[in-house]
Amino acid sequence: MLDKTQDTLVIDPVKMNIVNRIAADTVLAGDFLFKGGLLLQGTLQGVGEIAGKLVVWHDARLIGRFRVLGDLYLLGQLGEATETDDEVDDQTEIEVQGTAYVASSGVSTGTLIAAKLRMYDGAVLQGPFRTLRNAQSLPVLHGG
Amino acid sequence: MGARKAWAHPSSAGVGHASTELSLSLVRRGSITDNFINMQDRESLDRYFTEQVVGEPFVIEMGPSVGVRREPTRGLKLHLLEGQVELLGHAARGLVSPLQGDAGLGKPVSTLALAKARRRLLAGSLLAILALWSALLWWIFQRFFAH
């Protein structure tokens, strides 16, 4: 039974085009380009782009520099685990073109950049958060 | 919604997460002969593999509805108004298809707020229908009987 005091989210992989999955206890490292969304349940490390929505599951970890072209649902971890609470993982920078939803179990030790952020009580943003400005809103100079 | 019961995503078996509950999927898997697909039809092939590998629809609890912090890109009032419109949209969809309107697809919603919005929407719709009906009766009376 769902708790009515909690916000609930429906994940429909077909409708949301989440066509990729990295299973629990799987570790991948390298350069990646995911066509479509990704359900991350293991560990993904490196550099890359996810052309869709990204779900970082409980106990899953994303390390490195990634660009997410959709929304991010963070239930697991972004960045390396740190020894102290005020330490930041400089190697991890995640850019989210949509909204970053950080669940109460979500932890980010890296830099999170997103157009919008929705954060639940209990979530930890140990690293910095920056608002992503729409590229179209930047002034464009035309030469005469 | 009484038919729904909690289940665990196959990959999370044995790992207890008190904060996460997954509901029964919306589509039931049949026997292997039910899964006959046309190998030439890429769309149905993609759909089949997505359902088999990534899984069927499930519900996640994100956290307590109260105390949600937002980082707006525009003014706070506009952002909150956008949230209200979003909630009404979910409520309206839920009236047509209650199973999918239970929680937002891809956008977390409060089940409590959703139920309230649904009640308000129903009451508002009934009032609007009543007002329209009264106006129609009044117009008919004025047009044909009032002399």
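Predicted model: local features only at pLDDT ≥ 70, side-chain atom pairs only at ≥ 80, totals over all residues.
View 1. Start by getting to know chain B, which has 4 helices and 6 strands. Following the sequence, these elements come in the order β-β-α-β-β-α-α-β-β-α. How much of chain B is buried? Buried residues account for 19% of its 147 residues. Now look at the contacts in chain B between residues at least 6 apart in sequence: 52% of them join residues at least 24 apart.

**View 2. Where chain B meets chain A.** Here, 37 residues of chain B are in contact with 41 residues of chain A. Several elements of chain B each supply at least two residues to the side that touches chain A, among them helix 1 (42-54), strand 4 (69-71) and helix 4 (111-145). Which element of chain B gives the most to this side? That is strand 3, with 7 residues. Sorted by class, the side of chain B that touches chain A holds 15 nonpolar, 14 polar and 8 charged residues.

View 3. Zoom in on strand 1 (residues 6-11) of chain A, which pairs with strand 6 of chain B in the antiparallel sense over 2 bridges. To find your place, look for Asp7(A): its bridge partner in strand 6 of chain B is Ser110(B).

**View 4. The largest nonpolar core.** This core has 44 residues, and those touching the most other members are Leu40(A), Val55(A), Val56(A), Leu72(A), Leu74(A) and Ala100(A). Strand 10 (residues 93-102) of chain A provides the largest share of the core, 5 residues.

**View 5. Two loop residues with a positive phi.** Asp25(A) has a phi near 70° and lies in the loop between strand 2 (20-22) and strand 3 (27-35) of chain A. Is Asp25(A) buried or exposed? Asp25(A) is exposed, because 10 other C-beta atoms lie within 10 Å and the cut-off for exposed is 12 or fewer. The phi of Asp59(A) is near 70° as well. You will find Asp59(A) in the loop between strand 6 (54-56) and strand 7 (61-68) of chain A. With 17 other C-beta atoms within 10 Å, Asp59(A) is partly exposed.

How values were computed:
Residues numbered from 1 in each chain as written. Chains lettered and ligands numbered in written order. Core = buried A, V, L, I, M, F, W, Y, C linked by C-beta atoms within 7 Å. Buried ≥ 20, exposed ≤ 12 C-beta atoms within 10 Å, placed from the backbone. Contact = placed C-beta atoms within 7 Å. Nonpolar A, V, L, I, M, F, W, Y, C, P; charged D, E, K, R; others polar. Pairing = 2+ DSSP bridges.
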